[in-house]
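Let's walk through this one together, question by question. Have the chain open while we talk.

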Amino acid sequence: MVKTKISLLLPLLFFTLVGTSHAGGIAIYWGQNGNEGTLSEACDTGRYTHVNIAFLNKFGNGQTPEMNLAGHCNPATNSCTKFSAQIKYCQSKNIKVLLSIGGGIGTYTLASVEDAGTVSTFLWNTFLGGHSSTRPLGDAELDGIDFDIEQGSTQNYDHLARFLKAYSKKGKKRVYLGAAPQCPIPDRFLGTALDTGLFDFVWVQFYNNPPCQYADGNVTNLLNSWKRWTSTVPAGKIFLGLPAPPAAAGSGFVPADVLTSKILPVIKKSRKYGGVMLWSRFFDVQNGYSTSIIGSV
């Protein structure tokens, strides 16, 4: 009888222990260096669950939107349509592929609610489930839009998020929303948008911000900031955004052994834990950071 009771309790105990940690994925930004390889090559690694194509860096206020994929292709000559099949290939591997709008260099803003509506219509027809005679990435239907807003207006991105999410009811599939805010709360550009609770993936940049990043062996600031993000910001899943090597950011690089031993075991306890975001594919190719952490993510 004693043995029977123990055998019944062990599965419950095992489930309880396992349930305290949540599995995650690795999100990567691709598109800002022609030497980082193709989109298909990135997806073939088997290490990424989300790929953000970066960037659509000109839009809003009456401007003709423009996409910059660095050395990969030139949208103006229609040479980026070659990536249509690669996007579909990545999606066939259950990898979410989003278009990232904004970035650190560009000319973008949202001048009004109406402007946000105009931009959302453009994004839907040009990259998502709508129709347009001009589709820079061909007929591939991206999974959603990522907001990497670092300049311009601080207003109306909440309206853009609402307009884009509304298209989920019109298309054949859900429109996912991602965001890459800085770790100080609230984010200057995306704070109001995040308050809508419409974002599925929030990859917080825990770098270039000393008050909420890792530094010199100290994980306290980062962990405190993570706790605040996961307890106060409404979002589907929250990712720990990091630079793949030190050269990818001004500060905030976390050595792989520190991440896997001191940070991931703590943050994976959160139900909102989504995984790790890395900037960027080019840098990850150079130093293999994702390879060194994937077993712990």
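**Reading the fold**

Over residues 24-297 the chain is 30% helix and 21% strand, with the end C-alpha atoms 6 Å apart (DSSP runs numbered from the N terminus: helices are H or I, at least four residues; strands are E, at least two). This is a predicted model, where local features need pLDDT of at least 70, side-chain atom pairs count only at pLDDT 80 or more, and totals for chains, interfaces and linings use all residues. Residues are numbered from 1 along each chain as its sequence is written, and side-chain values use heavy atoms, leaving out hydrogens and water.

Reader: Which domain does UniProt list for residues 24-297?

Author: The entry is unreviewed, and UniProt annotations may be inferred rather than shown by experiment, with positions in the numbering used here and feature names shortened.

Reader: Is cysteine 90 buried or exposed?

Author: Cysteine 90 sits in helix H3 (residues 84-92). Leaving out residues up to four places away in sequence, Cys90 touches Leu39, Cys43, Ile95 and Val97. With buried meaning under 20% relative accessible area, exposed over 50% and partly exposed in between (1.4 Å probe, protein chains only), cysteine 90 at 0% is buried.

Reader: How far apart in space are cysteine 90 and cysteine 43?

Author: In sequence they are 47 residues apart. C-alpha to C-alpha, cysteine 90 and cysteine 43 are separated by 5.7 Å.

Terms used: Contact means heavy atoms within 4.5 Å.
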